[in-house]
Structure formats: structure tokens, C-alpha cells
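Please look at the sequence and the model before reading on.

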Amino acid sequence: MTKINWMDEVEKRKDVLLKDTQNLLHIKSLLDEENPLPDAPLGKGVKEALDFMLNLGEKDGFVPKNVGNLAGHLEFGEGEELLGILCHVDVVPEGDGWTSDPFAAEIRQGKIFARGAIDDKGPTMAAYYAMKIVKELGLPLKKRVRMIIGTDEESDWRCVEHYFEHEEMPSLGFAPDADFPIINAEKGIADIDMVQKLSVEESGSVKIEVQSFTSGKRYNMVPDHATVTLNIIENQMDVVQRFTDFMKQHQMEHYSHVENGELILEVKGVSAHGMEPKKGINAGLFLAEFLSKLALNRTASDYFKFVSRYFFNDSRGVNLGVAYSDDISGELTINPGKLSYSGQTGGSIGLTCRYPVTNKMDATKEKLDELLEEKGFAIEKFKDTKPHHVDENEFLIQTLKKVYEEQTGDKAYLIAIGGGTYARSLKSGVAFGPLFPGRPDIAHQKDEYIEIDDLLKATAIYAQAIYELAQ
């Protein structure tokens, strides 16, 4: 058979690939549990994105299937074995500070800017067109090829859980939802809600009462905004001056104003993926650190001092006593992505803990329970997704190494990450691109983008990978 120039095949379809990518990115596919519909249990936006992919696939001759309006798949080919390509079309909230509309999918400087451009709608479309190329070339395959499309990857993974309760598990596969060359190890992910037990208020007058404090919406995002409302009996301007001095010292963008006699303080940080908190600036932690120095009412004081003592300037769990590292996947990390306090209900900390593949989470949780009991907190929610590791010598990894090296001319090496991809749903599954070495990781950040050249190159890599894995 004539050797296929995969990049040439991608170039032939470049214009329609870009148009379909933009159209998918236009859809505001955010989780919306507050407005569920009978045919859209996770909200209208994510269902619209799922329908877009299923309708596109049906038009192009794939066999589509909607699985409970939570997930779906597109399939072609024949054979006993099934090759899975695991993607998702939901996105994290857009956040503030974008140069252009986060859902306009504007093209400038050779990039497509949009929420989901790199995580994971752009890569989803690259994988889709890779399947389309293999199908249109009529190449002989011994396995069926199936793109599995999820709608809840950025939150609770209800999509893949539901999907695999009802559908076949692929024997091998990859998720185009991380970095090239090949990610064969993914840390465990524990999402934890720590809730404050309300203490007896101190007697006497309180000069500063915290009415409310909020920062962050997702465990897996570094919060880029925080706000607090204070009721200050006297010396309000003194608090404003101390706030200004503190934030200037730390070079943090900040604002203050008075509304109905109450002082409102705001802090701006930098969002990033929660798997590596050091890539962002957690606005909530900086505001909590400032508040911990004030003479607050008892419950609020206990809460902010706890946040300051155990989380400020410590994303490795050192102060919590749970630090851990291994040679396979590196350090344990902690991201307090949801911080809140109310004068009526007390405080809570929602965090994600990304722990190494050899770490025993049961032992880690025991340490946390012991500390929290002592400090007046308790774990109210605990969801643990175990680590994932695929041996280097498996057929899947050896094939992907070969494909990557042939397409790029660069050496393929193995990576461990703190993020969680759908690849961990499979016994033999890895994350494979689309972020090339040296490119900045701007997933979950403002002005998220994908380089058009990288999108095309990834499509060629995925096309060859599908062909060689399905032979």
C-alpha cells in the first residue's frame, strides 16, 4: 500500500476542520445543574455540544448513539476489539479578563481563542477529523473505532460513569486531553469539602463581623477572584488602609467600596488548572490571609486563621502533614478551589488533592480527619478517583511512541500528570496530546487558545495513531 502522507490529508480538510472547530467552540457548554431539562440533565449548553458532535458524525457516516443525554459515541469499522478515543465537550467557567468573547472563537495571530480551545473541544475536533480521514480513505481495520463524548469531565464524571454502566469498555484507547508525547501516569484525585463546626461566639462586643466571603467555583480551578463583606463598627478606613497596604505588598489587584454601610473588599488573582496551583494566584487565599490578621468575630477568626495556617503559600500539603512524592508521578498537590464563609453557617473549604500513584489515600485521609477534628472542622464530602498507570512496554504505548516520532521527528517520552483525563477509565488508556512540548499550558485560564498549526499537526498524529492501533 502507498505510504500515506497524513499531514497532506489534514491540509485538504483544513478549512472545514477550522469551521467545525469554531462552531463547536461557539456553544457555551457549561454545567448547569440549576436548570436541568428532561433531555438535558446537566444543562442546555452541554447537551447542545453533545448533539452537535452526534449530528456532525451522523452526517459524515458514523454510527451515532446518545447514551442517556449524558454522553454519546460515534463509531465506524468492524471487528471484535474496540479502540476508544475519549473526549469531552464541557468546559470550565470562562472567568474574567478576556481580550475577546470567550465563546466567539476568534482567530488571530494563528490561534483560535475560546474557552475549550485546548481543553477539550479543539482536541475533540482534531480526533474527530482524524477518524474521518481514516474512514474516508477506506483503510482496512481489524478493530472498531469509537469516539466517546462526555459532558461532565470538568466536574463529577457522571457522563463516563453512566456511559460505562451501559456500554462496552474499549480494550485500549487514548484521550486527546493533555500533553504530548504520552502521559502514562495520572495522579489520584481526591475532591474534599472541609466544613467548619460552629463554635460558641465570644462574649462582648465585636468590632468586625464577616457577613460573607466567597472565592472560586470549581475544585480544579485556582480562583481568580475573591470578595468579602464586612460589618465594621468603627475605624472602617483603618481596615481599608491595611487592606491596601497588604495587597500592594503582595502586588495583588484589589478594590474596596462601601455599600449600605458595609465594607466590601475584592481581590483579583490568576486562574489556572488546579492540578498545579503554583501556575496561578489564588485570590481567595490572599484575601483569607489578610482577614486572618484582623480582630474578627470568633467563628470567622477561627476559619480564616485555619485557612492561613494550612493553605497559604503551601500547595504541597506540608502544613497539613500529608506531603508525599514518588519518582513516577512527583509531588502531592492541594488546590483550595472553593472557599466560602457565612455569618450564619460558618466556613467551608472545597479542595482537590492530586496525589502520586504510590500514595495511599486512606492513610492520607486519616491524617486529615485527625487534624480537622482537633481544629474544629470535619470532612463532609470525599470523592476519590484512584491513580492510573500504564506500563511502558504495552502495545498501546509502543505504537503511540512510533507514531509521534514519525510525525514530529522528536523523541517520544513518558509523562506523569496531576490532571485527570478520561484515559484512566480504561485499563489500557493514556492521555495523548494535544499540547506540544514547550507550549504554555493555558487550559482553564483567560484567553485560552490553540495554535492552528498544532491543531492540524495533532490531527495528523491522531489519524496515523488510529490507523496503526486499529490494524
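## Basis of the report

Two residues are in contact, or touch, when they have heavy atoms within 4.5 Å of each other. The model is predicted, so to speak of local features a pLDDT of at least 70 is needed, and side-chain atom pairs count only at pLDDT 80 or more, while totals for chains, interfaces and linings use all residues. Residues are numbered from 1 along each chain as its sequence is written, and side-chain values use heavy atoms, with hydrogens and water left out.

## A buried threonine

Thr-21 lies in helix α2 (residues 14-26); helices (H or I, at least four residues) and strands (E, at least two) are DSSP runs, numbered from the N terminus. Its contacts, not counting residues up to four places away in sequence, are Ile-112, Gly-122, Met-125 and Leu-455. Thr-21 has 0% relative accessibility and therefore counts as buried. Buried means under 20% relative accessible area, exposed over 50%, and partly exposed in between (1.4 Å probe, protein chains only).

## A three-stranded sheet

Strands β4, β5 and β24 form an open sheet in the order β4-β5-β24, with antiparallel pairing; two strands pair if DSSP finds at least two bridges between them. Because β4 (106-108) and β24 stand at the edges with a single partner strand each, one side of each has no neighbour in the sheet. From one strand to the next, the twist averages 25°. Angles run from 0 to 180 degrees between N-to-C directions, and axes are lines fitted to C-alpha atoms, for helices over the stretch in contact.

Strand β5 (residues 111-113) runs antiparallel to β24 and is joined to it by three bridges. Here Phe-113 stands opposite Tyr-449 in β24. Helix α11 (residues 452-469) packs on the sheet and touches β4, β5 and β24, its direction making about 70° with that of β24.

## Salt bridges

The whole structure holds 35 salt bridges, each being a side-chain nitrogen of Lys or Arg within 4 Å of a carboxyl oxygen of Asp or Glu. One of them joins Glu-106 and Arg-108, at 2.9 Å from N to O. Glu-106 is partly exposed at 34% relative accessibility, and Arg-108 is partly exposed at 21%. Another links Arg-298 with Asp-302, whose closest N and O atoms are 3.2 Å apart. These two residues are four residues apart in helix α8 (residues 298-311), so about one helical turn separates them.

A salt bridge with an N to O distance of 3.7 Å connects the side chains of Glu-451 and Arg-439. This pair links distant parts of the chain, twelve residues apart: Glu-451 is in strand β24 (residues 449-451), and Arg-439 is in the loop between β23 (434-435) and β24. Glu-451 is buried, with a relative accessible area of 16%, whereas Arg-439 is partly exposed at 36%. Salt bridges with shared partners also join Glu-9, Lys-12, Arg-13, Lys-59, Asp-60, Lys-132 and Glu-136 into one network.

## Cysteines

A disulfide is a covalent bond between the sulfur atoms of two cysteines. How many disulfides are there when the rule requires a pair of cysteine sulfur atoms within 2.5 Å? The count comes to zero. Cys-87 is in no disulfide, and the nearest cysteine sulfur, that of Cys-159, is 12 Å away. Cys-87 is buried at 0% relative accessibility, and Cys-353 is buried at 3%.

Key. A disulfide is a pair of cysteine sulfur atoms within 2.5 Å.
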